[in-house]
Amino acid sequence: MRTQKFSEEAIDHRNALLFAMGVKEEDTKKPYVGIINAWNELNPGHFHFKTVVEDIKEAIRQAGGLPLEIPVTGICDGICSNTPGDRYTLPSRDLVSAEVESMVEGNQLDGMILLASCDKVVPGMVMAINRLNLPSVVFTGGYMQPGNYKGKMITLTHTKQGYASYRAGLMSREDYKGIVRNACPTTGACPFMGTANTMCAMAEVLGLSLPGNASVAANSDEWKQLARESGKVIVELIEKDWKPKDNIPFESYLNVIRYVMATGGSTNTVLHLPAVAKQAGFTIGYEDFDKVSKQIPVLSTIYPSHDYYTMADFDRAGGVRAVLKELAKAGKIDLDVNTITGTLRERLASGENRDTDVIRPVTNPISPEGGIAVLKGNMASKGAVVKYSAVKEKAHKFVGPAKVYNSEDEGWQALLRDEIKAGDVVVIRYEGPKGSPGMPHLETFLAAVCGKNLDEDVALITDGRFSGANRGLGIGYVSPEAYDGGALALIENGDIIEIDIPARKMDVKVSDEELAKRKENWKPVEKPSTGWLNLYKRLTNSADEGATIF
């Protein structure tokens with residue numbers, strides 16, 4: 001064990017400080033297990049970890065380890081949404097990875113169990129797992145129950161749609177406030193196929209969490225049992241010296257992309273998976289996503305791609321394992337990769353598809369191609385990303401004049417003032433990793449488009465990102481971003497933009513010569529940033545490389 005490799009002086013020095021906190025001398029000879037806990041009172045996805053952390057500690061003790069709880073950052077994207085704070089959510093992923101690395105390596109722990117549910121926290125923790133290469137288990141928090149208002153399913157995203165409907169005179173203020181009060185009835189990850197549930201699935205598909213963890217209800221008896229089992233398993237992994245980089249191959253990362261394509265998962269995967277894989281020594285880019293998208297059909301859609309199915313329906317149907325099992329039947333996934341509990345093939349032996357309407361077989365897909373598509377053209381030479389499964393067929397091909405804004409708020413306010421009309425292609429720029437800085441999600445604008453019933457009739461192109469809960473023709477992650485002098489910075493009002501998702505193309509009908517002429521007088525829009533946000537701006541790479549400082 002690593003605790004026995006230090007000099008006697010170093011061990012005694014550490015023990016003297018541990019004794020001050022009530023640690024017994026016999027416990028100092030056990031494996032030191034960090035419980036990396038992103039619990040806080042500003043994140044409903046993490047709030048309920050407080051109810052099981054003592055159970056996890058007890059499971060670790062009974063298995064022969066010494067549990068040591070360590071708090072880390074855990075931002076809720078929803079609470080930050082449509083505020084200046086949203087610029088901090090993506091950079092917080094890298095911050096989380098650095099916090100975990102600092103606490104675990106600084107204290108020379110033997111292994112760790114990591115507690116997180118939400119958008120940036122899960123990938124940040126997995127980045128740290130790969131960097132540290134220590135025995136690790138990810139325990140995710142399960143999904144929030146969907147809300148209900150006047151007999152209709154609602155989620156957090158319905159509050160944004162409701163606000164736009166209210167402002168447009170399509171909904172009463174009383175009904176809008178009723179949606180707000182009833183959208184989030186329990187703690188847990190928001191119950192749609194957004195980034196949180198996609199990232200929890202990433203951890204499970206990679207094999208870093210226990211089978212079933214990514215599609216279990218928060219606060220349920222099954223979730224609590226998984227918490228205790230995770231505490232036991234981490235000690236077993238330490239005893240085996242099970243290391244992620246030695247056991248999780250590149251094919252496991254491709255399995256994640258296959259799963260995301262089959263479920264219409266979050267477009268934020270194009271940021272997070274490359275950043276996670278890089279820490280393991282692998283390179284993943286936009287091209288990998290588009291290649292897999294053409295090979296994997298959509299088998300399951302829950303909200304926002306489906307009108308009323310939520311994670312509760314997905315769980316009832318069999319969850320992550322059921323999707324993987326359907327892909328396995330068609331030979332579309334690698335089953336021989338390792339996980340923290342045997343091979344993926346062994347895991348899927350207990351998987352079952354209990355509802356083929358919610359999770360379809362490959363022989364009867366919802367769509368023949370995956371849920372994410374990568375577009376290229378003179379507006380995005382390195383690529384742009386669209387959630388194909390959330391775009392209605394009418395909008396798969398779209399041509400219209402540009403309406404250009406330099407921030408989401410400008411575009412959102414223009415939409416509320418009815419300045420944006422059916423047929424417009426809205427360009428919102430300087431919201432990329434460097435331009436914003438921080439690359440906030442533009443969920444508010446797209447939700448307002450849906451709230452005004454324009455999701456088939458208005459397109460959005462941006463160097464910002466989306467929450468995973470978006471629906472409608474939203475194309476984001478444009479690379480190069482406007483701040484770096486990408487063509488997005490050169491678009492003018494009235495320029496005709498042509499989008500063809502099936503052909504994977506997006507072009508502005510302006511000549512190369514004219515774009516070059518415009519660039520001669522171009523200067524980037526500088527937005528204020530201080531402290532950590534300014535550091536992120538100076539160090540981050542582009543969206544097509546993961547928008548990470550590492």
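1. In this predicted model, the charged end of Arg131 lies over the ring of Phe550, at 4.1 Å from the ring centre.

2. Turning to pairs of rings, a search of the whole structure returns 13 aromatic pairs. Ring pairs also join Tyr163, Tyr166, Tyr176 and Trp412 into a cluster.

3. Helix H15, which spans residues 319–329, has eight of its eleven residues buried, so the helix is largely enclosed by the rest of the structure. The buried positions are Gly319, Val320, Arg321, Ala322, Val323, Leu324, Glu326 and Leu327, and this list includes the charged residues Arg321 and Glu326. The cover over these buried residues includes helix H8 (195–206), helix H11 (250–263), helix H14 (311–317) and helix H16 (344–348). Just after H15, Gly331 adopts a positive phi of about 70 degrees.

4. On the H11 side the contact is made by Arg258, Tyr259, Ala262 and Thr263, while H15 contributes Val320, Val323, Leu324 and Leu327. Sorted by class, this contact comprises six nonpolar residues, one polar residue and one charged residue.

5. H11 also packs against helix H12 (residues 269–279), here at an angle of about 170 degrees and with the axes 11 Å apart. That angle makes H11 roughly antiparallel to H12. The residues that meet are Tyr253, Val256, Ile257 and Val260 in H11 and Thr269, Leu273, Val276 and Ala277 in H12. By class, the contact of H11 with H12 holds seven nonpolar residues and one polar residue, with no charged residues.

6. Ser467 belongs to the loop between strand S13 (459–462) and strand S14 (473–479). Its relative accessibility is 6%, and because buried means under 20%, Ser467 counts as buried. When neighbours within four places in sequence are left aside, Ser467 is in contact with Asp119, Gly194, Thr195, Ser266, Asn268, His441 and Glu443.

Terms used
Residues numbered from 1 in each chain as written. Predicted model: local features only at pLDDT ≥ 70, side-chain atom pairs only at ≥ 80, totals over all residues. Heavy atoms only, no water. Phe/Tyr/Trp six-rings, centres within 6.5 Å; stacked < 30°, edge-to-face > 60°. Lys NZ or Arg CZ within 6 Å of the ring centre and 35° of its normal. Buried < 20%, exposed > 50% of the residue type's maximum accessible area, 1.4 Å probe, protein only. Helix = DSSP H or I, 4+ residues; strand = E, 2+ residues; numbered from the N terminus. Contact = heavy atoms within 4.5 Å. Axes fitted to C-alpha atoms, helices over the stretch in contact; angles between N-to-C directions. Parallel < 35°, antiparallel > 145°, perpendicular 65-115°, else oblique.
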